[in-house]
Structures are given as structure tokens and as C-alpha cells.
Amino acid sequence: MTSLEFKTNLKSKSRGNPDTFNQWQMSGGEYRLSFSDAADTRFSAWTPITNKACNHQLFQERTTLILHWFDLWTDRQRKEFILQLLRRCTTTQLKFTSDCLTEAVPVTQLDFTTVLPRFLSLYIMAFLSPRDICAAAQVSWHWRFLAEQDCLWSPKCIRLGWFLPYSPSDHEYGAWKRHYVACAATLDILTPRAAADVYGTLNESVTASEEQEERWRELMIKQTIREKIAEHKKAFLKTRRAWLNTSKLGTSLTGTLNSQPLSLSAALVNIGDKCRLKNSPFNVEKRQSWDGLMMSRAPDTRYATSLVRSPTMSLPFNRPVRSAYCPLPHFLLVSSKVPGYELLLAAVQVSVIVLPYDSQGMTLEALLSLSEKAIQGNMLQSVGIVAEGSADEFMLTEGLSISGNTVLKPCVREFWEKLCGWVVPGSDGGSLNIFAPLAASVAGTDLMKKLSSMTGLNVRAPTGICTGSYQHILSEWSGSGDVPPLIYLHEAGLLSWCRQAEWIEEACKGLRKQLGPQLHFLCQKIRSRILGVFLWDHIKMPVISLKSEIMECLIQGLVALVNESPDNSLEFLGSFLLKKSVKDGLKDTEPLFLTESTSSNVISPISGFPKDLISDADRRGGMRGELLNSERAYVRQLQAVSTVYYTPLRAALDSNRAIISSVSLITIFCPLLDILEANNVFLTELQERLQEWSPLQCVGDVCVKFCTKLRAYTNFFNNYPTILKTIDKCRETLPVFRTFIKRYDRSVATRMLSLQELFLAPSARVEEYVTLFQALTLHTPPEHPDYTQLSSAFNTMLTYRSFIQKLKSSLNQDLKILEAQNSIQSCPNLLEGSRYLITTQEVALLTCLNGDITTSLRMYEHVSDLGLFLFNDALVLTEKSVSHVPFSLAVNTTHTFLASVALHCLNLTEIIDTKYVRNAFQLESPKRQWICATDREEDKIKLLSALNSAINAAITRN
């Protein structure tokens, strides 16, 4: 547009508004347009600032003019113009331009490694095979840098056992990849023939014809493999998509295996095995047996197909297989409350799946989960349970007794149904074996019937007619068939455990706490106790009067014989006693002659009990003998306390040479002497009744009379803690009493037991009374005149046993709380009200490094170690610290009080296992939260189950 044209246009526009146009002046090549004061201009005489309508009109006209020129320019001119225009733009204008370009030209392809964080890119590449990672390294330099990171290659090398011989520096990368390539390049792959040439063979020499036939077979295998490879590639090229990686071969080779596609390597191995075994006589026989088995299972086509599946293929389902050639395993649950259960575990048969579990803090849900993990989906022939129990109930977990009243609870019923669901039906021999004398009582028999109807299995239990240390397991079992203990356990280990379970438990307790210098002392203690039992039961040492020096020499000789284990035991013992007599000046002592026992066999735990039980009268007669013999042994043990300890102490007190005071003597021995007096009367009356025994003879009135004297036992149990404290106090403050105790403790006259161990006899005897009275009641007909009184005595003793159990439980709970309180530094008082300890667990305290991302990608850091003490009303958290002792393997563990949270205010959240954390959970209180993790999955299951149960109970109470 020329100046003249612009002038004409401006004049035509200015006529409509004469007030805005004043003057037009022209001088040479310059021109100027004058406006009024309202139309002021800046940098240009043609751009009105204040008049928006005119300004917008001029902007539109000039934009149209510039776009017209842009359309007439070449591509190079357009790019140069755009570049100059962008250089004049500000940052916000450039961002606006970028957004417009992104909207006009959307991004269809994007390198995810440039957008995602580096650890996510490495996590994605970790799922690739080594060949795919090497292919990805060829994309770009950035991809190569990521593909050579050690975090990708070190797991692949370690999985194959290829460990790097040095530690890479911090700035070195690609070491593990180079190590993987070097190891893969030096692999020795030998054919069977080449391996035989290098390493030789154990087979016999073959003839020329056999060697020629073998070579022909190998040639046919290679030809078949080449044909199958060509066929496989042809089919793969027809069906694969253009963007699929060639290393991912997913097409099946054979039509019979289309339901489960094979990889190329697996298919080739399958073909080679088929070709090699095609003409083998063993393969023909095996194929015939498989065909017969498949025909017999023809209706289940899925199961038949799985039988002929190649070993290199994974089964699509985990289904237990029953076979006549592989008998089904047995499953055994062993509670930690069983004395000496470690020795019991050592006696387990090979074909038995054993699960030892800690009954403290264990719940039925946790026990069922652990059982499911141990069984691994296999079918079982039977289930055995070894736990504490009596004739009418057994303690499956701490605080849960399985009896006729509790077995029908929903949670208990669900547990038995799920546990026994893995056992074959009772018609096929499936059984539930409970190692508690349930068959010795009416209540126990009813419990067995309920369990049998609930589970559909044959429930078996011992009759419980043996007393002593778990010897009821060796008695007769209900039902028919093999003896259940011998199904699960070896006979030698079972017998050793049954006879010495209590002493083994004492030894194991000491070994668990102090393993080291105490081992030798504990072994000597166990040997002395076993020797004491032998001398007490068979030689009758209290009956034979011997001098104390001779007894000590004999004991020392027998202990030395056990330690040395010579070839000629009699010669070694004789020479030892001869040397001892010369050394100690006992040569002039009169010789001692001990007559042999009339019976060379070991005394049976059921003296006089017939082997073949044919009637209730015979059973009742056997129980009569057991009651009498066990009562004699018990009274004899109480008399040892009176003879060995009380009589000398009383004589010293009467002769004004008191070892302890009269008050201490009465406090320690009077309650036990009252029990001895009552049991002496009971034993005398039993002997009188049983001297003239007949099927109609009654002993119920004697038992009822004895039950009226249980006040002596109550006095003893109420003062039992005071008695032990008095003994300890006198032993610490009185050297004479300490010497007296040291002289007579663990001697032959005390059955190699200490004074404190002898005071355990009354509580053990009450348990035996319940078993004996129950067995007598069970084998006495209801119409018998003795049945009513026996039932009354049994009910009284049963009630009294529950009283003792409550007393024991209360004392044990208090001791556990005090032990936990003493182990925690700066701990407040925990012994309050009805509080009791449920379980303890050591966990790791974690902190989340990136809590703002999704849960599956969060990473955690181990901050410290914590100790969790779970009570019925609170959870105590402690900070655990471990210190090692120099020049020793010992470790000192201390706990410092951290926090205490009421259970009704505690929230528990389980954290799902990921690649970065396992067995984790979150504890949250109103003010704080802790992320914890256990080392084992079993510990997490047990702890979370106990926490949920305790929290629900606390919420219900509040």
C-alpha cells in the first residue's frame, strides 16, 4: 500500500469523525498525522493507545497483511521468520507456544527412561532376559548405560552361582555384565558321547553293532530336531506379530500338548527324550503300566493328561496324587508344652511331616496356617497331636482346652474341619490320633465321638492306665490297627522320652538358657538321676543298710563306669573299687554282698497287669494293682523327706545344736508331714482291702475318706512358695544348713533328687490320682456297689486338680510378667490387676523412604530393632540392643522401655509383601506409628493372629 493510497483511505475514514482529524502535513518523504489530545501515540504515529476499537482494527489489518506476506514467502524465509520471532518472545510466550504445538502435534512415541525415575526404569528392565537386555543396550547410549548397571546383572549371576571374585568400586559399572558374559562364554557343553570320551563311562563295553546302532539313533535325533526347528520357525513366522521379540517363542510343537505351550528348548529336550526311550524295553513296560492307569482313570481326562505330561512342563494345578507305590505321609503336631519335646522330635519317622509349634500366644488360625504351609497341599493318612492333656481334655494351645464343651464352638469346629480335610476318609484308613488318655474317661470318650462325627475320621487315644512320665502313651489304645505311637515315632526314642520326659525337660530348660559350661554339670545331673531311679526301683537301697562310705564309693564307681565306657565293665568296676578302698583306707571294711533280683526283666510300669484284657473285671484288677504300687512308691518318697531331712534336723534342734530354727523347721516340713500322715492311712487301708481282692470288693469308700483329708494338700500348696523361700533364705544365711543340704541332696536315699525336687511330688501325685480314679470309675459297671463312691471320689479329685491348675497358672503368669519387667530397663510396674503376658516377639523397625508413591513400589530402611511384649490389655514396645562378648560366642541382649499402648487404642495394618519388603505390618496409636517386620513368615502369622485376638477382646471389654 503506497503513501497516496494510505492517505486516501485515511481521508475517507476521517470524514465520518471530523473531531478526531485536525491536520495533514507532508514534507518530502516524511508524513505526519496529527490527532487531538485524546488520540496520543507512542513510538508510532499510526497506533492509537487509548482508543481500543481503533487499536484492535489496526491490529487485525496489520495481522492480515503480515499473513499475506507469509503465504508468499519460501520455506527458508518462513523458518527464518519464525526463528527471529521466537527469539523476541518471553518465557511465558514460549511456554504458550509449546503448549499449542503439543496440542496440534501430539506425542505418539516417548522414551520412558527419560520420563520415569531411574529406579523405575531399572525395575522394568529387571524382568528382561540377558539376551533382551543386551538388545536393549543397542538402542541408545542412555539405554546402554542403564542396561549395564550391576543391579540388573548381579541377581542373574548369583542365581547361576557365578560370583564376582572382587568388589567393584563405587564409580565402576558393568562389572557384573562382563562377568556374566565371560562365564557364559566359557561354559563346557558336551554331548553324551563327547562326555564319555573325556570323563569315561561306567557302562560295559559295547559291541560294534551296538555302537553303530547308537550312532544311527543320535543321527536320527539330530535330523528330527532340525525338522522340528524348521517347522517351528515356519509356524512362528505365520502367527507372530511384527512387534513381538523373536526370543519369546510361545508356539507349541506337537498337537498333543496344545493345552500347555512349550518353549523351543523344552520342546527339543522332550523330542530327544522320546527318541532315545522309544525302543527301550523299560519304556515299553512303563508305557503299558501308564496306559493301564490311564484307562482306569478315563473319566477324569484332566488328571490323565497330567500323568503323561513332560517333566519339563509345569502342572496347571497342584493336585495331590495318590499312588500305591508312594504311601501317603502322616502329620504330627507337637506342642512346646510337652516336656522334652526336642528328644521327641529326634525320634520322628522319615515318612512323617512334623510341626513343632509354640503354644504360648498361638491361636487356632495361626496354627492352621502353619499346618497348611507344612502340608503343602498333600493328602495325609493320619494326623497326630502330642500336647498336654488329661483324661477328659487336652490343651491344644495356651488358654484353649479341647473338651466336650469347647469342641462345638464355631472357631474350634472350623479348625478341626479344615485340618482333617487334608486326611483321607475314615473308610480308607484316615485317623486322628490324640496322645492324651481320653479313652480312660466317659467325658474323653464323648469328646472322641464328637470329633469322629465332626471330621469323619477314626479318633484314637490311649486308655491312660499307666502313671508316671507320659507312660500312658505306651498303654493300650482305643480302636484297632497299628499302635499309633509307632507310626509316628521310633520305638527306642519313644521309650527313652516316655521314661525320662520330666528330667529331660529340666535339662532342656537349662540348656536353652545357659549353653556352655553348664552342659557338663547338667549331663552329670541327668546321669545321677537315671542311676537314682534304677537303684531306687530295683535294688531297694533304703531297705538294705549300708554305710555311707560304701554307698558313696559305689556311686562314684558307677559314674566313672558311665564316663569311661570300658570293654569289660565288671573288671573296671572291681579295679576302681579296689583302688578306692586302698586309697581311702577302707580295706578292712566287711565285704558287701547284694543278691540279684528274682526277675531279670525290667519291671513293667503296670505291675501284675495281665497282657490280654478280656473284661472290665480284669481291667479293674489291673487298675487296683497300679493304684497300690504307685501309692507305695509315693509314700516311700515322702518318707525319704522325713527320714533324711526332718529327723536329723529335729534331733539337732532337740539336742541344743540347732541347724535351723524351730519356726523354719515347722514352716518347711510340717505341711508335707501332714500329707505323709494322711497317705500312710490311705495306703494301709488300701493294702487291707486289696489283700482279699474279689470282683465285688470296694475301694471307693477308702478313696472318699482320703478325699476328705485333702485339707493337708491345700495347706501345703498355699504355703508352697513360702516353703521354697524359707529354704533359700536358710541356705543363704546359715552355712551349717548349707552344708547339711549339700551332704544329703542327690544321694541314693533321696533317689538322686534335691529337697526342692522332692517337694514336687504332691502336685504330680494329684494328677495321677485323677487318672487312676477315672480309670477305676470307667472300668466299674454302673450297677457295681463301688461305682457311686468311686464317681464321687473322682469328681472331688477333678475339682481339686482344677484348683491346683489355677494356682499354677496364676503363679506362672506372675513369674512371666516379673521376668519381662526385669529384662526391660526403665520399665514401669507391669504386675497390675488381672494382667497376663500373651507372647513376645522381636521385630525390625522400618521407615518408609518414599511414602508418596504407590504401596508396591515403596522402599523401606531398617532403622533399629524392637521388642514387642503383648499383654491382654496393652502392648509394650522396647528398643532392643545387642552386644557381643569378646573372645566368646555369647551375645548380651538388653531391652529399653520405649512406649506402652492400650490395645483398644491400637490399630493394626498388614503390609503386603513386595520386592522391597516382606513380613511387614504397621502399628498405629493415637500419637505415633511404627512400621515393623519379622524375620520369618511364621512369626508374623503368629503375632498378627495374637494381636487381632487381643485387640478384639480389649475392645469388647471396653
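This is a predicted model: local features need pLDDT of at least 70, side-chain atom pairs count only at pLDDT 80 or more; totals for chains, interfaces and linings use all residues.
Eight strands form an open sheet. Their order is S10-S14-S13-S12-S11-S17-S16-S15. The pairing within this sheet is mixed. Strand S10 (824–825) and strand S15 (907–911) are the edge strands. Each of these two pairs on one side only.

Within the sheet, strand S12 (residues 860–871) has a partner in S11 and another in S13. Strand S11 (residues 837–848) runs antiparallel to S12, and eleven bridges join the two. Across this pairing, Thr 840 faces Phe 869 of S12. On the S13 side, S12 again pairs in the antiparallel sense. Six bridges connect S12 to strand S13, which spans residues 874–884. Asp 865 stands opposite Lys 880 in S13. Leu 866 has Glu 879 of S13 as its bridge partner. The link from S12 to S13 is a hairpin of two residues. Arg 835 is placed over the face of Phe 871, 5.9 Å from the ring centre.

The largest nonpolar core contains 61 residues. Phe 669, Tyr 713, Phe 759, Phe 773 and Met 797 have the most contacts inside this core. Helix H25 is the main contributor, giving 13 residues to the core. The surroundings of Phe 759 illustrate the packing. A second core is separate and has 41 residues. Leu 364, Leu 419, Met 454 and Ile 941 are among its members.

Aromatic rings were examined next. A pair of aromatic rings is described by the distance of the centres and the angle of the planes. The structure holds 27 aromatic pairs. In one of them, the ring centres of Tyr 645 and Phe 740 are 6.4 Å apart. Their planes meet at 75 degrees, over the 60 degrees required, so this pair is edge-to-face. Tyr 645 belongs to helix H25 (residues 616–654), and Phe 740 belongs to helix H30 (residues 735–744). The pair therefore ties together parts that are 95 residues apart in sequence. Tyr 645 is buried, because its relative accessibility is 0% and the cut-off is under 20%. Phe 740 is buried as well, with a relative accessible area of 8%.

Phe 706 and Tyr 713 make another edge-to-face pair. Here the distance is 6.2 Å from centre to centre, and the angle between the planes is 85 degrees. Phe 706 has a relative accessible area of 2%, and Tyr 713 has a relative accessibility of 1%. Tyr 713 is also one of the residues with the most contacts inside the largest nonpolar core.

Cysteines were considered separately. A disulfide is a covalent bond between the sulfur atoms of two cysteines. A search of the whole structure finds zero disulfides. Cys 89 is partly exposed, at 24% relative accessibility. Cys 730 is buried, at 6%.

Asn 656 lies in the loop between H25 and helix H26 (662–691). Its phi is near 60 degrees, a positive value in a residue other than glycine. Asn 656 is exposed, because its relative accessible area of 73% is over the 50% cut-off. Arg 751 also has a positive phi, near 65 degrees, and is likewise not a glycine. This residue lies in the loop between H30 and helix H31 (755–758).

Thr 406 occupies the loop between strand S7 (400–402) and helix H18 (410–419). With a relative accessible area of 13%, Thr 406 is buried. Thr 406 touches Ser 401 and Val 412, when residues up to four places away in sequence are not counted.

Conventions:
Residues are numbered from 1 along each chain as its sequence is written. Side-chain values use heavy atoms; hydrogens and water are left out. Rings of Phe, Tyr and Trp (its six-membered ring) pair if their centres lie within 6.5 Å; planes under 30 degrees apart count as stacked, over 60 as edge-to-face and the rest as tilted. Helices (H or I, at least four residues) and strands (E, at least two) are DSSP runs, numbered from the N terminus. Buried means under 20% relative accessible area, exposed over 50%, partly exposed in between (1.4 Å probe, protein chains only). A charge sits over a ring if NZ of Lys or CZ of Arg is within 6 Å of the ring centre and within 35 degrees of the ring normal. Two strands pair if DSSP finds at least two bridges between them. A disulfide is a pair of cysteine sulfur atoms within 2.5 Å. A nonpolar core is a set of buried Ala, Val, Leu, Ile, Met, Phe, Trp, Tyr and Cys residues joined through side-chain atoms within 4.5 Å. Contact means heavy atoms within 4.5 Å.
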